[in-house]
Amino acid sequence: MRIVMIGAGYVGLVSGACLSEFGHEVVCVDKDPARIAALQGGRIPIFEPGLEAVVAANAKAGRLSFTADLAAAVRKAEAVFIAVGTPTRRGDGHADLTHVFQAARDIADNLGGYTVVVTKSTVPVGTGREVQEVIRAARPDADFDVASNPEFLREGSAIEDFRRPDRVVVGCGGERAREVMREIYRPLFINETPMLFTGRESAELIKYASNAFLATKITFINEMADLCEKVGTDVKDVARGMGLDKRIGAKFLQAGPGFGGSCFPKDTLALLKTSQAQGAVTRIVEAVVNVNDARKPAMARKIADALGGELAGKTVALLGLTFKPNTDDMRDAPSLDIVPALRQMGATVRAYDPEGMVQARRLMDVETCDDAYDTMKDADVLVLLTEWNEFRALNLVKVGELLKQKLIVDLRNIYAPAQMQAYGFAYVSIGRPAVRPAPALAVAAE
Ligand SMILES: NC(=O)c1ccc[n+]([C@@H]2O[C@H](COP(=O)([O-])OP(=O)(O)OC[C@H]3O[C@@H](n4cnc5c(N)ncnc54)[C@H](O)[C@@H]3O)[C@@H](O)[C@H]2O)c1
């Protein structure tokens with residue numbers, strides 16, 4: 001099939017590359033000329049494990065190409081995917097659909113023969129109908145259908161997620177469009193991926209409902225963690241005990257500093273706004289949004305409390321800036337709230353992140369360091385904020401030597417309290433009793 005992917009970002013580029021790997025002829029279009037120039041030159045503008053190899057192999061095979069010329073690409077396409085950003089609209093919290101409707105108008109101007117226009121961007125229920133109206137108004141003569149095909153991949157494991165999804169959801173009315181969508185995803189039939197055909201509105205809502213449910217799970221365990229701290233028990237045990245129940249499941253039950261990233265914050269808010277506009281307020285989602293918003297400043301206070309409540313003149317060594325490991329994406333990362341709050345309280349923050357520092361420097365005032373250990377020199381506390389693998393196996397003797405005082409605040413529960421105690425650290429984590437150093441047990445410097 002000849003496919004056009006509009007938007008070559010985290011979703012568009014991964015989807016385009018993987019669809020070309022399925023054997024389709026894919027052209028990725030982006031309005032950002034620098035992004036297209038980079039891709040044409042073989043450079044990947046985002047960090048996503050495994051993406052470079054898939055792009056290179058399929059570009060070499062002639063199945064994947066990049067262009068800023070949307071018109072020529074769309075004219076020949078059998079399916080045109082819209083994978084542009086749908087950020088929070090400034091001022092009111094609804095999803096900003098400016099890019100989606102711009103793409104719809106651009107598509108309308110250039111439609112050739114029968115084409116399925118597929119919304120892959122996360123869009124509020126009813127957007128597919130509006131996209132159809134925009135195209136129909138511009139091109140009453142055009143032969144097209146509009147389908148919804150929300151994307152569920154996760155940054156950091158996006159390639160695997162696209163190749164082996166739990167399900168493919170397609171919302172469209174007619175059999176003609178269904179057949180095109182079935183053909184696009186045919187390679188997934190080999191591993192028996194469930195393909196769920198629904199109405200367009202259902203598909204649109206499935207995406208928001210799924211993200212809101214996952215965000216709720218995270219927020220639920222975060223609140224349990226707060227309770228665990230009060231009653232002196234361990235949230236990891238509680239989460240494990242809950243997660244072994246197959247009706248609950250163990251995933252998304254890791255307590256932490258609150259969810260962030262390019263999807264959960266904006267999608268929970270957009271779903272809440274839709275529900276309010278429809279007069280069917282989703283109170284659980286409302287609570288999730290509010291509880292999560294309050295959690296970031298609470299994390300900054302937790303760090304301050306570990307230092308005796310006073311941050312003026314203190315240096316905080318911070319590991320991890322991106323919202324999760326294996327991505328360079330800084331959108332709505334908890335660090336964007338926590339770092340300024342620490343600075344506001346008078347702290348100096350020295351940070352390191354394996355992939356996020358270029359973006360982080362654009363978004364906040366933070367001193368970035370060459371590596372993890374570089375942040376710690378003479379710092380008053382080490383804060384673990386993102387669970388990159390390289391932070392899971394720090395040389396704890398060296399950490400103890402570099403820090404001014406042996407204090408760690410672990411907002412991801414990467415380490416075991418007993419181990420920290422044995423190495424002579426005071427250790428504060430999430431939903432577990434804080435530990436003081438045990439000097440008699442302290443491991444001697446190697
Ligand atoms: N990032 C994720 O993990 C993820 C997962 C599932 C779904 N989604 C959804 O997918 C959509 C895209 O997200 P993303 O993270 O890939 O965004 P992104 O910002 O990384 O990429 C969007 C790209 O679209 C381009 N663009 C915008 N308007 C355009 C236009 N009119 N013509 C051509 N190009 C245009 C931008 O230049 C940008 O490169 C969003 O709706 C998001 O909610 C994202």
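In the predicted model described here, Lys296, Met299, Ala300 and Ile303 of helix 12 meet Asp337, Ile338, Ala341 and Leu342 of helix 13, contact being defined as heavy atoms within 4.5 Å. By class, this contact of helix 12 with helix 13 comprises six nonpolar, no polar and two charged residues, where Ala, Val, Leu, Ile, Met, Phe, Trp, Tyr, Cys and Pro count as nonpolar, Asp, Glu, Lys and Arg as charged, and the others, Gly among them, as polar. The axes of helix 12 and helix 13 (residues 335-344) come within 8 Å and cross at roughly 45 degrees; axes are lines fitted to C-alpha atoms, for helices over the stretch in contact, and angles run from 0 to 180 degrees between N-to-C directions. Helix 12 and helix 13 are therefore oblique to each other, given that angles under 35 degrees count as roughly parallel, over 145 as roughly antiparallel, 65 to 115 as roughly perpendicular and the rest as oblique.

Residues are numbered from 1 along each chain as its sequence is written, and side-chain values use heavy atoms, with hydrogens and water left out. As the model is predicted, local features need pLDDT of at least 70 and side-chain atom pairs count only at pLDDT 80 or more, while totals for chains, interfaces and linings use all residues. The mean pLDDT of the chain (the predictor's confidence in each residue, from 0 to 100) is 96, and 98% of its residues reach 70 or more. Over residues 440-446, however, the pLDDT is below 50, and this stretch has eight contacts in the model beyond near neighbours in sequence.

Helix 12 (residues 283-306) also packs with helix 11 (residues 264-277), at an angle of about 140 degrees and with the axes 9 Å apart, which makes helix 11 oblique to helix 12. Thr268, Leu269, Leu271, Leu272 and Gln276 of helix 11 form this contact with Val285, Glu286 and Val289 of helix 12, a set of five nonpolar, two polar and one charged residues.

Helix 11 in turn meets helix 9 (residues 200-231), their axes coming within 9 Å and crossing at roughly 115 degrees, which makes helix 9 roughly perpendicular to helix 11. Among the residues of this contact are Tyr208, Asn211 and Ile218 of helix 9 and Phe264, Asp267 and Thr268 of helix 11. Helix 9 passes helix 11 in a left-handed crossing.

The strands considered here belong to an open sheet of six strands in the order 11-10-9-12-13-14, with parallel pairing, where two strands pair if DSSP finds at least two bridges between them; helices (H or I, at least four residues) and strands (E, at least two) are DSSP runs, numbered from the N terminus. Strand 11 (367-368) and strand 14 (426-428) are the edge strands, each pairing on one side only. Strand 9 (residues 315-319) and strand 10 (residues 348-352) run parallel and are joined by five bridges, and Leu318 stands opposite Ala351 in strand 10. Helix 12 lies across strand 12 (381-384), strand 13 (407-410) and strand 14, running at about 160 degrees to strand 13.

Notes. Left-handed = near helix turned anticlockwise from the far one by under 90°.
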